[in-house]
Amino acid sequence: MSFQTTDSKKEEFRKYLEKSGVIDQLTRVLVGLYEEPEKPSNAIDFVKRYLGSPADIDVETLRSEYEAIKERNAYLEREVAELKEEIEKLRGGD
């Protein structure tokens, strides 16, 4: 059984972040914020915009829409299955 110390886990995670480009991207964001002549009142929104995420997303609305679409999809899948069964019955009656 291998035992990893906290320091080795941290180092492994740091390497992962570095390899995946996260550290470079965060550095660019922070440099951009540092170089901003007028500091924004909401640094989190600045970071989101810098990374390309829209700041005005309503998560609850998206969840509701997702659930409604999921239900509609399940209904349509059941309907397709029923129609396929009906077609098979009609073909079998030839």
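Which domains does the domain assignment of the protein give? Two stops come out of that assignment: domain 1 (1-55) and domain 2 (58-93). Colour them separately before you go on, and keep in mind that you are looking at a predicted model. Taken over C-alpha atoms, the centres of domain 1 and domain 2 are separated by 41 Å.

**Helix α1**

Next, select residues 6-19, which form helix α1. Now step just past α1 to G21, where the backbone takes a positive phi of about 90°.

**A lysine over a ring**

Show the side chains of Y34 and K39. Here K39 lies over the face of Y34, at 5.8 Å from the ring centre.

Move on to residues 43-50, helix α3, and display F46 and Y50. These two residues sit 4 apart in the helix, about one turn. An α-helix has 3.6 residues a turn, so residues three or four places apart point the same way.

How many aromatic pairs does the count come to? The total is 2 aromatic pairs. In the pair of F46 and Y50, the ring centres are 5.9 Å apart and the planes meet at 35°, so this pair is tilted.

F46 is buried, with a relative accessible area of 10%, whereas Y50 is partly exposed, with a relative accessible area of 39%.

How values were computed: Residues numbered from 1 in each chain as written. Predicted model: local features only at pLDDT ≥ 70, side-chain atom pairs only at ≥ 80, totals over all residues. Heavy atoms only, no water. Phe/Tyr/Trp six-rings, centres within 6.5 Å; stacked < 30°, edge-to-face > 60°. Buried < 20%, exposed > 50% of the residue type's maximum accessible area, 1.4 Å probe, protein only. Lys NZ or Arg CZ within 6 Å of the ring centre and 35° of its normal. Expected span 1.5 Å × (residues − 1). Domains from an automatic or database assignment.
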